[in-house]
Every structure is written in structure tokens, then in C-alpha cells.
Amino acid sequence: MRQDLMRQQERIRSLLLKRLELEGDLSDGQILELIDDLILAENRRVFLNLRDKEELRRGLFYSVRRLDILQELLEDSEVTEIMVNGHEQIFVEKQGRIVLWNKQFPSKERLENVIQQIAGSCNRVVNEQRPIMDARLAGGERVNVVLPPVALNGPVMTIRRFPEHPITIEQMILWGTLTGEAAEFLRRLVRAGYSILVGGGTSTGKTTFLNALSSCIPADERVITIEDNAELQIQGIANLVRMEAKSANLDETREISIRDLIKTALRMRPSRIIVGEVRSAEAADFLTCLNTGHSGSLGSAHANSVRDMISRLEMMVLTGLQIPIPAIRRQIASGVEILVHLGRTRDGKRQLMEIAEITGMEGDEIQITTLFLRDSQGRLQQTGELTSREKWEKSS
């Protein structure tokens with residue numbers, strides 16, 4: 001928005017806020033009528049062309065009824081991530097590429113208003129005493145906020161958007177994320193009830209991949225999903241229970257952690273449990289779940305490789321339980337059967353990099369066999385045969 005038009009918007013917005021205080025609760029239609037009257041009055045003072053009027057109308061409405069200038073990005077289906085670094089700098093991710101947006105908040109206060117609006121709608125608290133917040137918008141977008149004094153260059157907000165409709169395995173094949181051969185192999189693993197852990201770095205598509213895998217779960221099973229922020233879009237399962245962790249807030253509502261939810265889920269007669277992301281001490285509870293008859297459960301974790309997933313699980317368990325590493329490794333080897341590693345190419349394309357099987361222990365070391373691997377030319381090829389075939393044969 002041009003500087004002169006931005007100044008006009010701020011002037012009209014000040015008048016609009018005063019009118020809204022006097023008028024009380026108005027519908028969206030009534031607010032738009034009020035905005036039209038104010039723009040008409042401004043046009044008598046300074047000529048505005050049709051394009052300027054439309055931009056002012058949209059911007060003013062978004063500033064009082066939506067998420068201000070960010071609303072435009074939220075309505076753009078190509079935008080997958082919005083990164084606000086203080087009120088003057090906004091980056092967006094489109095088609096895997098991050099670029100600086102050509103708009104900014106006119107003031108720090110406007111950005112703070114949006115943050116508090118989000119916090120209020122999600123029953124969250126964020127301020128100088130509690131400067132970090134995770135939340136979820138009504139449309140399912142995941143929001144992270146960091147305020148000063150922790151954030152040194154002003155309020156920082158990151159919004160991750162998810163597809164309106166779940167991405168299917170077939171779409172992933174068309175995009176080159178995986179091959180048809182690997183897809184059919186994974187479908188059969190899920191149907192047969194193999195326990196699978198999906199790993200990868202930030203924004204490699206772990207949640208999307210979990211969604212796609214869950215579509216292969218037999219429709220007559222009872223599935224329980226557990227997440228920090230509800231993002232999974234499980235389809236085709238009638239007996240589905242979705243649970244979301246909750247932070248403590250000022251009204252003394254106690255925290256409900258992922259660990260609490262996993263323990264509760266074990267008493268709910270699940271066929272499978274899906275943990276959206278294993279991040280900390282709940283790894284021990286997740287392994288307990290895998291080792292107590294809930295085969296076919298799924299989860300995801302941040303990791304840089306298949307082998308790194310093992311190390312990450314070990315470290316996460318140790319944050320909650322002080323037990324010998326060999327004991328943790330035995331739990332991993334007996335509970336997790338398949339490891340899937342995702343990555344991103346330099347141009348932002350998400351790809352399945354490796355599928356591996358945990359084949360047991362040799363001494364104190366977990367043994368891994370690679371089944372599919374993407375080579376140096378970017379081709380995903382089968383490199384090994386599944387060792388544990390009892391479930392596989394029963395599913396045929």
C-alpha cells in the first residue's frame with residue numbers, strides 16, 4: 001500500500017473505531033456500510049479512484065473484523081507460511097520459496113492488537129510475563145508468538161497454513177514425493193499394523209505425510225489422535241477420537257500435556273494411537289503405548305536422518321526418565337518397526353528420502369535395514385527386503 005493511502009487508512013480507521021465504540025455490536029454488513037460512508041466523506045476531501053476505494057474498504061474491514069493485513073495472506077491458497085518479524089517486516093513462503101512481502105503493519109500497536117485478538121479467541125495468554133504462545137486459528141492454522149523482552153526486534157509471529165483438503169498418497173506420487181512402488185509398500189505396512197515413526201526437519205511435511213498414511217488404516221478400527229495443536233485431518237475413520245493438549249492459563253486451568261493424553265488414551269480401548277509430534281518426555285509414554293499391544297500406531301518427530309531418529313528418541317525419553325540407554329534402546333527396538341525419513345530439496349520440494357526397518361538389537365546397538373533410499377540422482381529405489389513378515393503375510 002502506498003504511503004499516502006496508508007496515512008488515509010489510518011485517519012479513517014481512527015474515525016471508524018470511535019464510531020464503533022458509540023454504535024456497539026454491529027454485524028459485518030453494518031460495519032461495511034459504516035466504512036463506505038467514511039470513505040465517501042474522505043473522497044470529498046481527497047479524490048480516490050476506484051482501486052484506492054476498494055483497497056481502503058478491504059483494509060479497514062480486515063483491521064477491525066479479521067487479522068488486519070495478514071488476512072490477505074490467509075486467503076491466498078498458495079501461501080503456506082507467514083513470518084512476521086516485528087511490525088515492519090513480513091516474509092511469506094510460496095511454493096517452497098521464502099520472500100519478503102511488500103506490505104507491513106503501520107504500527108507496532110496494530111500487530112500487538114492482532115496477537116491479542118488471536119490469544120483471546122484461543123483462550124490463551126501472552127504478555128511480558130508469558131512471552132511465548134502456541135495457538136490454533138479457527139481455520140486450523142498453527143500460530144506461534146514470541147514477544148519482547150524475549151524477541152529483540154519486536155513481536156514475532158509465525159503462522160503455518162495447512163491444505164483445506166488432506167493431501168493424498170496419490171497426489172504425493174504425482175508431485176514426486178515418493179514412487180508408486182514405495183507408496184504401495186507403505187499402504188500395506190499401515191494396513192498390516194506395523195508401527196511407524198515419521199521423521200524429518202522443520203517443514204518437511206511430517207503432518208501431511210501422517211495424514212496420508214492414516215488414510216490406509218482399516219475403516220473399522222478405533223483411532224485416537226493426540227496433538228499439541230490439532231492439525232491432523234484423519235479421513236474415513238468413523239470411530240475417531242481427537243485430543244489436543246492444553247496449556248495452563250490465568251483462570252487456573254491446569255496444563256494437560258501430551259503425556260497426560262497418551263496415558264488417558266491407553267484406557268480408551270484404542271486400536272491405534274497417532275501422536276502428531278513426539279517432542280519431549282512423552283516419548284517414553286509413546287514407547288509404552290507401542291509395547292502394550294497397540295501395534296500400528298503412528299507418530300512423528302524432528303530428526304535429520306533415520307539413525308538420528310533413534311538418538312532423538314533416546315534423548316527425549318531421558319528428559320522424563322533416568323534409565324539406562326540400553327533399556328531405552330530395547331524399548332525402541334521392540335516397539336518401533338518402521339522409520340520414514342522426509343527431506344526437502346534446495347528448491348523447496350518435499351521428498352521421501354528413506355524407509356528403514358528396525359530389525360532388533362545386536363549387543364546394545366539397534367540394528368536398522370534400509371528398505372527404500374533416494375540416491376544421489378534423486379531416485380527413490382528399493383534397496384532391501386522386509387525382515388519381519390508375519391503381519392505382512394497375514395495382510396495379503
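1. A word on ground rules. This is a predicted model, so local features need pLDDT of at least 70 and side-chain atom pairs count only at pLDDT 80 or more, while totals for chains, interfaces and linings use all residues. Residues are numbered from 1 along each chain as its sequence is written, and side-chain values use heavy atoms, with hydrogens and water left out.

2. Start with the overall picture. You'll find 13 helices and 15 strands in the protein; these are DSSP runs numbered from the N terminus (helices: H or I, at least four residues; strands: E, at least two). Along the principal axes, the C-alpha atoms fill a box of roughly 80 × 50 × 40 Å.

3. Next, what is covered up? Of the 396 residues, 48% count as buried. Buried means under 20% relative accessible area, exposed means over 50%, and partly exposed is in between (1.4 Å probe, protein chains only). As for contacts (heavy atoms within 4.5 Å), take those between residues at least 6 apart in sequence: 55% of them join residues at least 24 apart.

4. Now the charges. The protein has 52 positive and 56 negative side chains, and the centres of the two sets lie 1 Å apart. Lys and Arg count as positive, Asp and Glu as negative, and His and the chain ends are not counted. Each charge is placed at NZ of Lys, CZ of Arg, CG of Asp or CD of Glu.

5. Side chains of opposite charge can pair when their charged atoms come close. A salt bridge here is a side-chain nitrogen of Lys or Arg within 4 Å of a carboxyl oxygen of Asp or Glu, and the count comes to 23.

6. Have a look at helix α7 (residues 180-192). Arg187 and Glu184 form a salt bridge at 3.3 Å, N to O. They sit three residues apart in this helix, so about one helical turn separates them. Arg187 is buried at 16% relative accessibility, whereas Glu184 is partly exposed at 38%.

7. Which parts of the chain does the pair Lys391 and Glu337 link? Distant ones: Lys391 is in helix α13 (residues 390-394) and Glu337 is in the loop between α12 (325-335) and β12 (338-344), 54 residues apart. Their salt bridge is 2.9 Å, N to O. Lys391 is partly exposed at 24%, but Glu337 is buried at 18%.

8. One more pair: Asp375 and Arg379 meet in a salt bridge at 3.0 Å, N to O. Asp375 is partly exposed at 23%, and Arg379 is partly exposed at 45%.
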